[in-house]
Amino acid sequence: MLTLTDQRFQAIEQNDATQDGAFYYGVTSTGIFCRPSCHSRLPQRDHLVLFETVEAALAAGFRPCKRCRPAGQVVSTAEWVTEINQIIMTHYQTKLDLNTLAMLAHGAPYYLHHVYQQQTGQTPMAHLKHVRLTQAQKLLVTTQIPVSEVALTCGFQSAAYFSTVFKQATQLTPRQYRQKNSHT
Ligand SMILES: [Zn+2]
């Protein structure tokens with residue numbers, strides 16, 4: 001075990017990537033260990049245990065952080081894509097963009113975009129748009145919620161933008177789509 005010097009604590013505090021590989025820190029309250037550069041929340045200083053190697057941290061019973069992956073790619077790419085899809089399903093109603101998505105999925109935006117496209121053949125933003133449109137179609141057909149509200153509920157920033165995107169995808173305006181598909 002390494003001593004937690006002020007210098008090392010500062011490296012953790014400042015997410016200093018130059019210290020990655022020099023040591024790892026475990027957080028006793030969570031049982032997880034990280035690289036110094038990890039952007040997870042700064043732990044309390046007295047909850048920190050430092051290790052020289054990944055093996056030492058694992059041997060002490062700590063699990064690798066999913067975010068900074070100190071033990072390498074512990075999560076497979078396919079698992080990561082599943083995780084990204086789950087995040088999209090949970091957050092499509094919010095102002096989700098690539099940067100926010102990357103933050104929530106614990107990866108760099110460009111890397112996430114690349115991996116996702118490679119695995120699924122579409123970009124994460126295209127998938128997000130698809131989810132938003134599918135949900136909007138459902139709402140249009142199964143509810144009487146005004147179109148402008150459907151737009152906002154499904155994460156579109158304005159009704160006008162929603163109509164444009166919707167028409168591009170379905171060749172119909174949201175209103176036409178509702179008329180055509182409602183059974184009431
Ligand atoms: Zn971490």
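**Overall architecture and helix H1**

Nine helices and four strands make up the protein chain in this predicted model. From the N terminus on, the elements follow the order α-β-β-β-α-β-α-α-α-α-α-α-α. The radius of gyration is 22 Å, well over the 16 Å that the globule rule gives for 184 residues, so the protein chain is more spread out than a compact globule. Taken along the principal axes, the box filled by the C-alpha atoms is roughly 70 × 30 × 25 Å.

The protein chain is divided into two parts, domain 1 (6-64) and domain 2 (75-184). The centres of domain 1 and domain 2, taken over C-alpha atoms, are separated by 36 Å.

Of the 184 residues in the protein chain, 37% are buried. The protein chain exposes about 10600 Å², and 51% of this area is supplied by carbon and sulfur atoms. When contacts between residues at least 6 apart in sequence are considered, 55% join residues at least 24 apart.

Helix H1 spans residues 6-13, and its buried residues are Phe-9, Ala-11 and Ile-12. These residues lie on the same side of H1, because they cover an arc of only 155° around the axis. Asp-6 and Gln-7, on the other side of H1, are exposed. The cover over the buried residues of H1 includes strand S1 (24-27) and strand S3 (48-51). H1 is followed by Asn-15, which has a positive phi, near 50°.

Notes: Residues numbered from 1 in each chain as written. Predicted model: local features only at pLDDT ≥ 70, side-chain atom pairs only at ≥ 80, totals over all residues. Heavy atoms only, no water. Domains from an automatic or database assignment. Buried < 20%, exposed > 50% of the residue type's maximum accessible area, 1.4 Å probe, protein only. Helix = DSSP H or I, 4+ residues; strand = E, 2+ residues; numbered from the N terminus. Arc of directions from axis to C-beta. Contact = heavy atoms within 4.5 Å. Rg over C-alpha atoms; globule rule 2.2 N^0.38 Å. Areas by Shrake-Rupley, 256 points an atom, 1.4 Å probe, with all protein chains shown as cover.
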